[in-house]
Amino acid sequence: GFQVLLHADPVSYHCGANAGVDPAHILSVADGVVVPCTGDPGPVAPFARESREGAVLAANLTVVSGMGGSPGTLAADADAARRLGATELRLYHAGLASDADLAAVRSALAGL
């Protein structure tokens with residue numbers, strides 16, 4: 001009864017927290033992916049091209065300024081990811097965000 005989502009990167013030789021995968025293969029064995037999109041929503045597109053009905057394509061956006069995130073551009077970044085095929089939004093490390101970052105996140109989410 002659990003949904004299985006994998007943190008993944010569409011560039012097969014990438015390694016780390018977002019392992020490189022073949023988009024078609026990973027979407028045939030998992031319910032979806034969580035894709036790093038901070039600064040560039042482009043990595044969602046290869047998964048969207050291979051997606052199937054009901055698959056989750058979650059754009060993962062860092063919202064902590066001190067971690068390289070951009071809460072001030074969250075609305076535009078989320079919109080760009082949606083246009084490229086993202087079906088969900090994940091806010092990376094929101095629990096560590098400053099009051100100012102959280103205020104920017106609240107404002108951005110209210111406008112979506």
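Helices (H or I, at least four residues) and strands (E, at least two) are DSSP runs, numbered here from the N terminus. This is a predicted model, in which local features need pLDDT of at least 70 and side-chain atom pairs count only at pLDDT 80 or more, while totals for chains, interfaces and linings use all residues. Residues are numbered from 1 along each chain as its sequence is written, and side-chain values use heavy atoms, with hydrogens and water left out.

Select T62 to begin, a residue found in strand 4. T62 is buried, at a relative accessible area of 13% (buried means under 20% relative accessible area, exposed over 50%, partly exposed in between, with a 1.4 Å probe and protein chains only). Leaving aside neighbours within four places in sequence, T62 is in contact (heavy atoms within 4.5 Å) with T38, M67, G69, S70 and Y92.

Strand 1 (residues 5-9) pairs with strand 3 in the parallel sense over three bridges, and if you pick H7, its bridge partner in strand 3 is V34.

D79 meets R82 in a salt bridge at 3.5 Å, N to O (a side-chain nitrogen of Lys or Arg within 4 Å of a carboxyl oxygen of Asp or Glu), and D79 meets R83 in another at 3.2 Å, N to O. D79 and R82 are three residues apart in helix 3, about one turn. D79 counts as partly exposed at 30% relative accessibility, whereas R83 counts as exposed at 63%. The structure holds three salt bridges, including one between E88 and R90 at 2.7 Å, N to O.

Finish in the largest nonpolar core, which has 20 residues, with L27, V33 and F47 making the most contacts inside it; such a core is a set of buried Ala, Val, Leu, Ile, Met, Phe, Trp, Tyr and Cys residues joined through side-chain atoms within 4.5 Å. Among the elements that each supply at least two of its residues are helix 2 (44-50) and helix 4 (99-110).

Note on methods
Pairing = 2+ DSSP bridges.
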